[in-house]
Amino acid sequence: DEACPWGLYLAPNGGQHDKWTLPLRSLAVRDSSPRPSQSASIALSNHSDDHARPSEFAVSGIDWVFIPRGSFRAGSAKEPFDKYVADYWIARTPITNLQYRLFVESTGHSAPGHWIGNSPPRSRADHPVVNISWLDAAAFCSWAGVQIPNEAQWEKAARGCDFRQFPWGDTRPECYLCNFAGCHEDTTSVLASIHGSSPYGC
């Protein structure tokens with residue numbers, strides 16, 4: 001295996017057809033199609049081995065991060081295990097309202113319920129899209145030429161190889177690291193919590 005660099009987290013609340021309370025996360029590229037999982041992410045497929053940055057997809061403006069193949073320590077502290085993952089790319093930030101709006105306008109797909117028509121709330125174009133179902137995410141992926149990452153892709157990008165608890169390490173969450181209960185009372189720009197990025201920069 002190649003040396004494993006570092007590591008994103010986010011997970012939806014509930015089953016496949018429930019509304020996600022967390023933003024639609026990143027997209028990732030890999031050589032074979034992963035089975036869609038209940039992660040708040042999306043992934044790209046059929047990428048070549050030259051490590052060239054993905055391009056020519058329906059959604060522009062995505063900053064891609066390359067995750068090299070190799071094994072990493074997965075699972076919980078009580079039941080850890082080693083898992084091998086092939087090369088893939090993953091988006092550095094969640095999918096924004098503006099990017100999701102392109103999908104809605106291009107396909108006629110229904111917009112999130114809190115939007116006004118096909119437009120997200122004012123001044124939130126760069127906020128992560130929320131209040132979408134797993135089926136909405138799957139439809140977005142099909143349109144964009146990407147796919148939802150499997151659990152191993154999601155976990156490796158989140159924690160890297162040092163088995164950390166959070167993307168930034170093992171310290172408790174703080175408002176400057178991530179947006180959680182009691183911090184902002186709303187979504188924020190996808191670029192707002194750069195200090196809470198994983199070792200991969202996600």
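This is a predicted model: local features need pLDDT of at least 70, side-chain atom pairs count only at pLDDT 80 or more; totals for chains, interfaces and linings use all residues.

Reply: Residues are numbered from 1 along each chain as its sequence is written, and side-chain values use heavy atoms, with hydrogens and water left out.

Me: How many aromatic pairs does the rule give?

Reply: Eight. The rule pairs rings of Phe, Tyr and Trp (its six-membered ring) if their centres lie within 6.5 Å; planes under 30 degrees apart are stacked, over 60 edge-to-face, the rest tilted.

Me: Why is the pair of Tyr100 and Phe103 called edge-to-face?

Reply: Their ring centres are 5.2 Å apart, so within the pairing limit. The planes stand at 65 degrees, over 60, so the pair is edge-to-face. Both residues lie in helix α1 (residues 97-107), three residues apart, about one turn of the helix. Helices here are DSSP runs (H or I, at least four residues), numbered from the N terminus.

Me: What makes Tyr100 and Phe103 buried?

Reply: Buried means under 20% relative accessible area, exposed over 50%, and partly exposed in between (1.4 Å probe, protein chains only). Tyr100 has 0%, so Tyr100 is buried. Phe103 has 2%, so Phe103 is buried as well.

Me: What kind of pair do Phe140 and Trp143 form?

Reply: A tilted one. The centres are 5.7 Å apart and the planes 55 degrees, so the angle falls in neither the stacked nor the edge-to-face range. Phe140 and Trp143 sit three residues apart in helix α2 (residues 134-144), about one helical turn. Phe140 is buried at 0%, whereas Trp143 is partly exposed at 22%.

Me: Which residues do ring pairs link into a cluster?

Reply: Tyr100, Phe103, Trp115, Phe140 and Trp143.

Me: How do you know that Cys175 and Cys183 form a disulfide?

Reply: A disulfide is a pair of cysteine sulfur atoms within 2.5 Å. Those of Cys175 and Cys183 are 2.2 Å apart, so the pair qualifies. The link is left-handed, with -90 degrees about the S-S bond. A search of the whole structure finds one disulfide. Cys175 is partly exposed at 36%, while Cys183 is buried at 18%.

Definitions and conventions:
Helices (H or I, at least four residues) and strands (E, at least two) are DSSP runs, numbered from the N terminus.
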